Amino acid sequence: MARLSELTDRSAVDAAVAEFKRLGRQAFLQKYDFAESEAYFARVDDLLIDSKPLVAAIWAHQYPERPALRAEDFSGGPAGAGRALRRLGFDVVTQAQLEPPQLGDSYRDRTAIYDRYGGNKQAGIIRLPGDEFVSVFSDAEGPYADDPPTLAEAFGYRGEGLVGPHKVTAGGNALLESARLSVAPVRFWYRPRGEPFTFLTWVVVLGRTWVAGIGGDGEPRPELEWQLEAVAGPTQAEWSPQVRESLDDAGQTVENDPHVPEARPDATYAELVDRVEGREPQRKPTGVIRTDYARSAAARRAVLLRSQGQCESPNCTGMPAETNRRGEPILDVDHIKDLALGGEDHPRNMAALCPNCHACKTRGRNAARWRRELLRVVALADVAALHAAKQQDRRLWVGDPNHEEPFLQGQGKPARPSEVYGSTGA
Ligand SMILES: [Zn+2]
């Protein structure tokens, strides 16, 4: 490995720059055998010189008798070529500083974005080198099989980290947390299935909440769900009054973060429905739980629990043989009557549907009939699931008379077993 600290010769620097000017970019790259897709450039007057080839050229001029530097001999970026060039007095700039991504910009995949801007080509939350703003990547084909964001209302984005508990203090989650605390706008990129990645919208981070999830290794774990909302542009003047109000609310309670999952993995359908209906005992306000988002997440989880991994449509011709990348059944949670049309964000207006049934219900010729049928079926499923949860609680009480504060569906306060059954107790 060549030591870039050995680059010291000013005349070699001047010779390399003069050579770039004389040959032009393509011939210069060809001479030193480097590709042009570089995130980092040395700015010389109005010229931009690709940073790694420039380092190789300076090396060649200073050490003509030693082997030439090849691309794999040293790293690019701020720690490698960038640092060496800065030390030699160059102004080093990045592609993101020169030409930041514009709304609507589209790339074949993450590698194409990496080729243009550098940085990390895998993580879901990154800062492109030199970029002022954080970028979030949401991928319909990613590990979380993200749904398209709902641009008209707040939506959730599952935090970064495929295995082990999510952390607020590390990696991409820390970037997003700092955007939340500083109320900074974030670039939101989305890739629909089989399509390119597009810088779809600016978003702000309204809050975050802990949810119970399953890691890539199949183990239950706490996961961060970020609550994002689309805004018209990066400056606060472009944000709607509602968004600014939500940000104010969230900001007031920022300190109260319990750092624990807000939903237990074993929460019952009835408990989740209670949360949706706001009957759950108040926790410490955290700025996220006060918004509707946590309720919305509970509704979604309740529906998935109720579905038991099966499409809830009575017309279903069968679930896909394939699971999603997390090993779970491929199910979309759909609002039967659209929220935009006044539909409730409640499990009794939501169905877990396989992709086929979801398409029929949304785009089919008989969509109206599908909606009516689904509402009927889901109402029955809702009652059955609540009843099943009640039976389960009853068994729990009978089996364990000392059980504290059993949950009783539909009553304002928890009931002791003796109050329910007239048991004489001890
Ligand atoms: Zn189906």
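This report walks through the overall build, the zinc site and the nonpolar cores of one protein.

## Overall build

The model is predicted. The protein has 426 residues, and 45% of them count as buried. Its secondary structure comprises 13 helices and 12 strands.

Take the contacts with a separation of 6 or more: 63% of them join residues 24 or more positions apart. The accessible surface comes to about 22000 Å². Carbon and sulfur atoms make up 51% of that surface.

## The zinc site

Which residues hold the zinc ion? The protein donors are Cys 311, Cys 316, Cys 354 and Cys 357, each through its SG atom. They lie 2.3 Å from the zinc ion. The site is tetrahedral, with angles of 104 to 116 degrees among the 4 donor atoms. For four tetrahedral donors, the ideal angle is 109.5 degrees.

Along the chain, the donors follow the spacing C-x4-C-x37-C-x2-C. Cys 311 sits in the loop between helix 10 (292-307) and strand 11 (332-335), while Cys 357 belongs to helix 11 (residues 355-363), so this pair ties together parts that are 46 residues apart in sequence.

## Cover around the cysteines

Cys 357 is buried, at 3% relative accessibility. Cys 311 is also buried, with a relative accessible area of 12%. Cys 316 comes out at 25%, which counts as partly exposed.

How many disulfides does the protein have? The count comes to 0.

## The nonpolar cores

In soluble globular proteins, nonpolar side chains tend to be buried together. Here the largest nonpolar core has 31 residues. Leu 54, Val 55, Ile 58, Leu 85 and Phe 90 have the most contacts inside it. Several elements supply at least two residues each: helix 1 (10-23), helix 2 (25-32), strand 1 (40-44), helix 3 (51-62) and helix 4 (81-87). Helix 3 gives the most, with 6 residues.

Val 55 shows how such packing looks up close. Leaving out residues up to four places away in sequence, Val 55 touches Leu 4, Leu 7, Leu 69, Phe 74, Ala 81 and Leu 85. Another core lies apart from the largest one. This other core has 25 residues, including Ala 299, Ile 336, Trp 370 and Leu 374.

How values were computed: Residues are numbered from 1 along each chain as its sequence is written. This is a predicted model: local features need pLDDT of at least 70, side-chain atom pairs count only at pLDDT 80 or more; totals for chains, interfaces and linings use all residues. Side-chain values use heavy atoms; hydrogens and water are left out. Donors are N, O and S atoms within 2.8 Å of the metal (3.2 Å for Na, K and Ca); water is not among the atoms, so sites may look incomplete. Four donors count as tetrahedral if all angles lie between 85 and 135 degrees; four count as square planar and six as octahedral if opposite donors are over 155 degrees apart and all others between 65 and 115; anything else is irregular. Helices (H or I, at least four residues) and strands (E, at least two) are DSSP runs, numbered from the N terminus. Buried means under 20% relative accessible area, exposed over 50%, partly exposed in between (1.4 Å probe, protein chains only). A disulfide is a pair of cysteine sulfur atoms within 2.5 Å. A nonpolar core is a set of buried Ala, Val, Leu, Ile, Met, Phe, Trp, Tyr and Cys residues joined through side-chain atoms within 4.5 Å. Contact means heavy atoms within 4.5 Å. Accessible areas come from the Shrake-Rupley method with a 1.4 Å probe; for residues, only the protein chains shown count as cover.
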